[in-house]
Structures are given as C-alpha cells and as structure tokens.
Amino acid sequence: QVQLVESGGGLVQPGGSLKLSCVASGTMIGGDTMAWFRTSPRREREWVAHITPPGTPTYAASAKGRFTISRDNSKNTVYLEMNDLKPEDTARYLCNIISTNTWGEGTLVTVSS
C-alpha cells in the first residue's frame, strides 16, 4: 500500500521558517513528479509547488521566492522549505504523487504572532 506521511508543521511567527518533509512508503518516488498543495477552511486546495524526477521545481506565485521544494530520492522523501512565512500561509500542507493522485494526510502550518 502506497503511503505519504508529511511532517514538520507547527506554529511559527510571521517571518519565520519551517521545513516540511513527505516520506513515501510502498513505492519508490524517484520516477514521479511530486507536488505540495495546501488547504484551509478559507480556500480550496491550492497547488504550491512541484518537482520533476530530475529535480526541476515549479512554484505558484504565492510561493515563489519564499519556498523551496527539493527531493532526496535515496530517502524517498520530498521537502518544502518555507521562509518569510505570512499569516496567509496558514493551512494544512499535503504531499501528492501526481501520476497516481496519491495524497498524504497533511501537516498543519499555523503562522501567527
């Protein structure tokens, strides 16, 4: 059974940083494009970034310049490093295998003073 488990969320002050991790099991993700999405009660699921198997990233406008997506295929893990966090970044962040539409449960990020 394929599973994605996200971690690294938490409460952070505006301007702070967090690094999220997404570990896959039951499959090797080295050949997959992986994505991060986020969702909150205020908005529908929003794409944040994705990264191709060779490691080419693409970002939503809201993430560009502040977030960095990366992957370590040897660890079957994808990361999302988030800097200069804003209250509007508050959301549950979910990892996704695009080709199979596999989702994790997500990790909650709260940006508040």
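This section describes the sheet, the nonpolar core, the disulfide and selected residues of a predicted model.

Local features were considered at pLDDT of at least 70 and side-chain atom pairs only at pLDDT 80 or more, whereas totals for chains, interfaces and linings use all residues of this predicted model. Residues are numbered from 1 along each chain as its sequence is written, and side-chain values rest on heavy atoms, with hydrogens and water left out.

Strands are named by their order from the N terminus and, like helices (H or I, at least four residues), are DSSP runs (E, at least two residues). Two strands are taken to pair if DSSP finds at least two bridges between them. Five bridges connect β1 and β3 in the antiparallel sense, and Gln 3 has Ser 25 of β3 as its bridge partner.

Strand β9 pairs with several other strands, including β4, to which six antiparallel bridges join it. In that pairing, Trp 36 has Cys 95 of β9 as its bridge partner. Strands β9 and β11 also run antiparallel and are joined by three bridges; here Ala 91 is partnered by Val 109 of β11. A further antiparallel pairing, over two bridges, links β9 to strand β10 (residues 102-103), where Ile 97 stands opposite Thr 102. The hairpin of β9 and β10 has four residues between the strands, and within this hairpin Asn 101 takes a positive phi near 50 degrees. Six of the seven residues of β9 are buried, so that the strand is mostly covered; buried denotes a relative accessible area under 20%, exposed over 50%, and partly exposed a value in between (1.4 Å probe, protein chains only).

The largest nonpolar core contains 26 residues, of which Trp 36, Leu 80, Met 82 and Tyr 93 touch the most other members. Such a core is a set of buried Ala, Val, Leu, Ile, Met, Phe, Trp, Tyr and Cys residues joined through side-chain atoms within 4.5 Å. Two or more residues are given to this core by each of β3 (18-25), β4 (34-40), β5 (43-51), β7 (67-72), β8 (77-82), β9 (91-97) and β11 (107-111). When neighbours within four places in sequence are left aside, Met 82 is in contact (heavy atoms within 4.5 Å) with Gly 16, Ser 17, Leu 18, Leu 20, Arg 66, Phe 67, Tyr 93 and Val 109.

One disulfide (a pair of cysteine sulfur atoms within 2.5 Å) was found in a search of the whole structure. The sulfur atoms of Cys 22 and Cys 95 are 2.1 Å apart in this disulfide, and the link is left-handed, with -85 degrees about the S-S bond. Because Cys 22 belongs to strand β3 and Cys 95 to strand β9, the pair ties together parts that are 73 residues apart in sequence. Both cysteines are buried, Cys 22 with a relative accessible area of 1% and Cys 95 with one of 0%.

Thr 107 is placed in strand β11 and is buried, at a relative accessible area of 9%. Its side chain reaches the backbone nitrogen of Gly 9 at 3.0 Å. Not counting residues up to four places away in sequence, Thr 107 touches Glu 6, Ser 7, Gly 8, Gly 9, Leu 20, Ala 91, Arg 92 and Tyr 93.

The loop between β8 and β9 holds Pro 87, which is partly exposed at 45% relative accessibility. A distance of 4.7 Å separates the C-alpha atoms of Pro 87 and Val 111, which are 24 residues apart along the chain. With neighbours within four places in sequence left aside, Pro 87 is in contact with Pro 14 and Val 111.

Most residues other than glycine have a negative phi. Asp 84, also in the loop between β8 and β9, has a positive phi of about 50 degrees although it is not a glycine, and is partly exposed at 37% relative accessibility. In the loop between β7 and β8, Asn 76 has a positive phi near 55 degrees and is buried, with a relative accessible area of 7%.

Methods:
Polar contact = N/O pair within 3.5 Å; in protein donor to acceptor, adjacent residues only side chain to side chain.
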